[in-house]
Amino acid sequence: ECFFLGGFLIPGSMGGSKGLDTQRVLQLGAAAVLIGCTLYFLRSQGKRKFEQADVSILDAPLPRANRKKRPVPTSLIPETMEDVENGGLATMPTPEEELASREQSLSSKKLPPFTATLNKGGVGPLKRREAKILQLNIGLYCNQACTHCHVESSPLKVKEQMSLEVAEQCLELLRNSPSVHTLDLTGGAPEMNKAFKLLVTKARAMRPDLKIIDRCNLTVLREPGFEDIPDFLVKEKVDIIASLPCYSESNVDKQRGRHVFERSIAGLQILNEVGFGKPGGRVLDLVYNPLGAFLPPDQVKLEKAYKGKLFDDFGVVFSNLYCITNMPIKRFWEFLHKRDELDSYMDLLVRNFNPDTVKQGLMCQDTVSISWEGKVYDCDFNQQLDLILQLKGKTQPGGLDVFGLTSLSELQDVAIRTKPHCYGCTAGQGSS
């Protein structure tokens, strides 16, 4: 005879001379409970819960849309400029003032410096690895002026665009750096820069195997004069990463400007028509970033919600969704500062430090970020804070630029410049 006790099969019976006595049964029961609790504890380790927002935070009533209806292809710039002139953009502090404010936030909350947290987690110090991604911010000119933008792009940034001379030198670095497998073009709206097509066509001719990414804001595809961009990208085998911070119109327009949502949906539909996001077509990835001072929801769950909402309401399909934590710099810094939330947000990032993000690889470890001026940085965020990459033996006026390098291999093993904003890339599920 047998009976179950605490999830274990015990020989014998509850009665009779050959069965187990009561004391023995209780001893075995206690042991089984102890074993079960121990196994549960061990299994729960490594599954740390971070303070992520719930997917439901994005839920909002969606107007049913006519999938074939699209806005007239007129420029978004006049509306953006009207918003800017009506006080849509604040006067920003200098990078030095911004850096000091985040240091003060850590001090006021008695929080450790980023380097100390890295060392405590056994993942410091940070050094550069072999360069795999060349990221070019080819200009700050954009038809939008988003409230979260960490590069402060807008239609006002007409002069802040990469010259053809700098673009050609970036291509020369790419030619001399065989370890690089990805060319990442960002902005602003990179498609609106005169160097965009030159960079794409020459890079593709030079390296047929190269992965080329266009970080597209989607609305640029409806700007007069840029209607040919989707076909151009297909021809040159370029993938797209596009920002869409929500699947509801009100949330997107609140962060990115009036009528941006409907124009973004129209842009996605155009890309779907030429094969982006479909099986066998070019990759079309979307990026989500929070609307406020909280960590993104679970990426897997949110991707499922995005795919369901966008297809059901607009017939839109895409490849993958990536969740990005808002960095407490530039316009999002101003957002936090104005609401007196900078200290609490920095506290949130520090509390949710995840050493696995470093072990899996941060953007700054294998990406080289080049500004529109040709200056060299560890990442796009350091670029906006003017934390120029420091290389021994290379002392150029104004800091290291592309004309001071022959190959990106020269940057391997160089120490990465870190500051408190770096907590943004290591909080929760990461941001690189």
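Reader: How much space lies in the largest cavity?

Author: A cavity is a set of points, on a 1 Å grid over the protein atoms alone, where a 1.4 Å probe fits but cannot get out. Its volume is the space filled by probe spheres set on the points, which are joined across faces, edges and corners. Here the largest cavity holds about 110 Å³. This is a predicted model, in which local features need pLDDT of at least 70, side-chain atom pairs count only at pLDDT 80 or more, and totals for chains, interfaces and linings use all residues. Residues are numbered from 1 along each chain as its sequence is written, and side-chain values use heavy atoms, without hydrogens and water.

Reader: Which residues are the closest to the centre of the largest cavity?

Author: Lining residues have an atom within 4 Å of a point. There are 17 for the largest cavity, and Leu362, Cys364, Cys379, Cys422 and Cys425 are the closest to its centre.

Reader: Which residues line the second largest cavity?

Author: That cavity has about 30 Å³ of space. Its lining consists of Arg128, Arg129, Glu130, Ala131, Ser179, Leu408, Ser409, Leu411 and Gln412.

Reader: What span should helix α5 have?

Author: Helices are DSSP runs (H or I, at least four residues), numbered from the N terminus. The expected span is 1.5 Å times one less than the number of residues. For the twelve residues of α5 (residues 164–175) that gives 16 Å, and the end C-alpha atoms are 16 Å apart, which agrees.

Reader: Which residues of α5 are buried?

Author: Buried means under 20% relative accessible area (1.4 Å probe, protein chains only). In α5 these are Val166, Ala167, Gln169, Cys170, Leu171, Leu173 and Leu174.

How values were computed:
1 Å grid on protein atoms, 1.4 Å probe; cavity = no way out; pocket = protein on both sides within 12 Å on 5 of 7 lines; lining within 4 Å. Helix = DSSP H or I, 4+ residues; strand = E, 2+ residues; numbered from the N terminus. Buried < 20%, exposed > 50% of the residue type's maximum accessible area, 1.4 Å probe, protein only.
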